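Hi,

Here is the structure I promised to pass on. Have it open while you read, and my notes on what turned up in it follow below.

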Amino acid sequence: MELALLMRAANSGDGAAYEGFLKALLPVLRGFARRAVARVGANIDAEDIVQETLIAIHLKRQTWIDTQPIEPWIRAIVRHKAIDALRRRGHRVHLPVEDFENLLATEPLTPDDAHRDIERHLPHLPERQRDVIRSIAIEGRSIGDTARQFAMTEGAVRVALHRGVASLAAILRGET
Amino acid sequence: MNADELIRALAADTPPQASSLNRSIAQAMMIGVVCALALFFATIGPRPGLASAIHDPRVILKFLTTLSLVIAAGGLLLRTIRPGAGRGWWAIALLLPALLIALGAIVELNAFPREMWGARLVGRFAPFCLVCVPLLSAPILAALLFVLRQGAPIRPGLAGAVAGLLAGGAGAFIYAAHCPDDSPLFLMTWYSLSIALVTLVGSLIGRRILRW
């Protein structure tokens, strides 16, 4: 599991490495989110926490210094987002640090309930952002194809995508 | 949209690498300090005879304590906005300005008879200090908080407070070039209060705007 290597490559502009990084992270996040939900006995979909954490790691990736180990950084973000998400849903939370010790050694979990939909949040986004996110994430188009589809420039697609991700994060945090 | 689809969107959202967080914070600090200096020279300005006053150890102490506070708070700030980064020695380094003030105060208490302690402590312009330091700190704090939103503080209130300490220390450093009250007792009381005020404001704002 060379997360740091993948992330370093991603930071120097390697999009495929970045996707690899996020994919390698996914089962780890799932394992943790489920444990956190089980610990507080909450009736919450762990996948919500997983997606929130993914977006947080994405938006805050420049807070990792690439000469430092990446595990403590990931662990701190996951713990923070899990506590935050559970608290917002009205749960008193204490997540012992030990829960996070072996975070990155967790066995991959089968994504049985992984098809949790955050698509229900998409209607709350401005139209342009929604179209672009849907085109890239769900329909799997590239930036270039999306630009042609909506008669936008690639730059405008990138801006809409970035804003869309940020809006999604705000919605998941319950800020809008 | 499931997690895999979300990842596709995130992976596509890789703009040309944004400038490093440390650099953004350094730039914000510079912009804030330039604004504070402009405000300083446009209003109260340096004290007359600053060049000769600078040889007084009491005056040097004012600059030294505020500068050491700026350095310690700055180092700590860069840690508090990064998840998983330990605080290292920076939290302990914050004791340095406190220690310097304590030493100065002890020397001062020995240098003056008991009857004069009160007058040395109250000084001449205490309320003025309480107003000027926060005003000079304000542009610095504002610039810092603005860029700190790019950070990821696990405790937003704490990060805001540390930004307040840094801004307060820098504002006090600038004010020290004007301040005619040189007693370490004055420094211990009124500078500390002013900086505490900026720290409190930073903490309250940080708690609101630095959440992520």
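In chain A, helix α1 (residues 3-11) packs against helix α2 (residues 15-40) at an angle of about 145°, and their axes are 7 Å apart. An axis here is a line fitted to C-alpha atoms, for helices over the stretch in contact, and the angle runs from 0 to 180 degrees between N-to-C directions. Helices (H or I, at least four residues) and strands (E, at least two) are DSSP runs, numbered from the N terminus.

α1(A) and α2(A) cross in a left-handed way. Left-handed means that the near helix is turned anticlockwise from the far one by less than a right angle, and right-handed means clockwise. On the α1(A) side the contact (heavy atoms within 4.5 Å) involves Leu3(A), Leu6(A), Met7(A), Ala9(A) and Ala10(A), while α2(A) brings residues including Tyr18(A), Gly20(A) and Phe21(A). Sorted by class, that contact has ten nonpolar residues, one polar and no charged. The classes go like this: Ala, Val, Leu, Ile, Met, Phe, Trp, Tyr, Cys and Pro are nonpolar, Asp, Glu, Lys and Arg are charged, and the others, Gly among them, are polar.

A word on the ground rules: this is a predicted model, where local features need pLDDT of at least 70 and side-chain atom pairs count only at pLDDT 80 or more, while totals for chains, interfaces and linings use all residues. Residues are numbered from 1 along each chain as its sequence is written, chains are lettered from A and ligands numbered from 1 in the order in which they are written, and side-chain values use heavy atoms, with hydrogens and water left out.

Now for chain B. It has ten helices and zero strands, and its C-alpha atoms fill a box of roughly 75 × 35 × 25 Å along the principal axes. Helix α8 (residues 126-148) and helix α9 (residues 156-175) of chain B cross at roughly 135°, with axes that come within 7 Å. That makes α8(B) oblique to α9(B); angles under 35 degrees count as roughly parallel, over 145 as roughly antiparallel, 65 to 115 as roughly perpendicular and the rest as oblique. The crossing of α8(B) and α9(B) is right-handed. Among the residues that meet there are Phe128(B) and Leu136(B) from α8(B), and Gly164(B) and Tyr175(B) from α9(B). By class, the contact of α8(B) with α9(B) has 17 nonpolar, five polar and no charged residues.

How do the two chains meet? In all, 31 residues of chain B touch 47 residues of chain A. Together the chains bury about 3400 Å², 61% of it on carbon and sulfur atoms. (Buried area is the accessible area, with a 1.4 Å probe, that two parts lose on being put together, summed over both.) Met1(B), Leu10(B) and Trp212(B) supply 25% of the area that chain B buries against chain A, more than any other three residues.

How many salt bridges are there over all chains? The structure holds twelve, yet across the interface of chain B and chain A there are zero. A salt bridge is a side-chain nitrogen of Lys or Arg within 4 Å of a carboxyl oxygen of Asp or Glu. One to look up is Arg88(A) with Asp84(A), whose closest N and O atoms are 3.0 Å apart. Both lie in helix α4 (residues 71-88) of chain A, four residues apart, about one turn of the helix.

Cheers
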